[in-house]
Amino acid sequence: MLQLYKNEAITKVARQQIEIRQMELDWYTTNYDTMAMQSAMFAGFAFDQITEPVPEGTDLWMEVFYVTFTAIALGFELCVAMACTFCCIFGKGLALRGPHGARSVHIAVDNMQAQQKWIFIQFVAGIVSYMLSHVLQVWIYFRPKIAFTVSIPLVLFMTAIVYYIKYIVEALTMDDKRAITGQISAWAPYERIQDLDEAIYRPIEMRASTFA
C-alpha cells in the first residue's frame, strides 16, 4: 500500500511540473501563431507586388533592387509562416505523444524556445525588405520630386520601426541563460521511468503474437 502512495505522490508532482511546462508551451505556441498570421499577410502583399509588371523605361539597377527586395521579403515571410506552422504542429505533438514522457515535453519546449529567436529575426528582416521595396516602388511609379517627398516619411517611419523593435526587444527580453524555465532538475531521475503499459504489457503482447 505504501508503494502505491509513494508512486501517487511522485506522479502528482510530475504532473504539476508538466502543467508549468504547459504554460511555456502555450506561450511559445501563441508567439508562433502571431508571427505566422502576420508573415502570411506580408507574404501575400509581397506576392501581389512581385507579380505586378514594372513600367517600361525603368532603370535596370532600380528594377533589380526592387524585385530583389520584394523577393527577399516574400521568401523570409514564407519561411516564417512555414517554420511557425511546423513548430506548432510537431512541437505540441512531441510534447503530447512523445515516447519519453516528461523528457519529451522538455525537448519540445526547449527546441521551440531555441527556434523562436531565429524565426523572429527572419520575420523582422522580411518586414524591413518589404518596406525598402516600397521605397523603390515609389521611385519607379512616380516623378522624382513626388518620389523624394514620399520617400522621406517612409524612411523616417522605417527607421522608427527598427529603433522601437530594438528598444522593445532589449527592454523586455533576457538572455536564455538567465531565463527561468518550468523544468525541475531535481526530478530528472523520475522522468526516466518508462510507460508501464509500454514496458510491461506490450512485450507480453508481442511474445503472445509471436507464438500464436
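Contact, in what follows, means heavy atoms within 4.5 Å.

The mean pLDDT of the chain is 83, with 82% of its residues at 70 or more. Confidence is highest in helix H2, residues 60–97, at a mean of 92. It is lowest in helix H5, residues 196–211, where the mean is 56. Where pLDDT is low, the predicted coordinates should not be read in detail.

Now to Thr 181. This residue sits in the loop between H4 and H5. If we set aside neighbours within four places in sequence, Thr 181 is in contact with Arg 21 and Glu 24. Take Ile 20 as well: Thr 181 is 161 residues away from Ile 20 in sequence, yet their C-alphas are 8.7 Å apart.

Next, helix H4 itself, residues 144–172. H4 has 29 residues and spans 41 Å from first C-alpha to last, close to the expected 42 Å. Which residues of H4 are buried? They are Ala 147, Ser 151 and Met 158. These buried residues pack against helix H3, residues 102–141.

That brings me to Ser 133, which is in H3. Ser 133 has a relative accessible area of 0%, so it counts as buried. Again leaving out neighbours within four places in sequence, Ser 133 is in contact with Gln 49, Tyr 66, Phe 69 and Thr 70.

That's what I have for today.

Terms used:
Residues are numbered from 1 along each chain as its sequence is written. This is a predicted model: local features need pLDDT of at least 70, side-chain atom pairs count only at pLDDT 80 or more; totals for chains, interfaces and linings use all residues. Side-chain values use heavy atoms; hydrogens and water are left out. Helices (H or I, at least four residues) and strands (E, at least two) are DSSP runs, numbered from the N terminus. The expected span of a helix is 1.5 Å times one less than its number of residues. Buried means under 20% relative accessible area, exposed over 50%, partly exposed in between (1.4 Å probe, protein chains only). pLDDT is the predictor's confidence in each residue, from 0 to 100.
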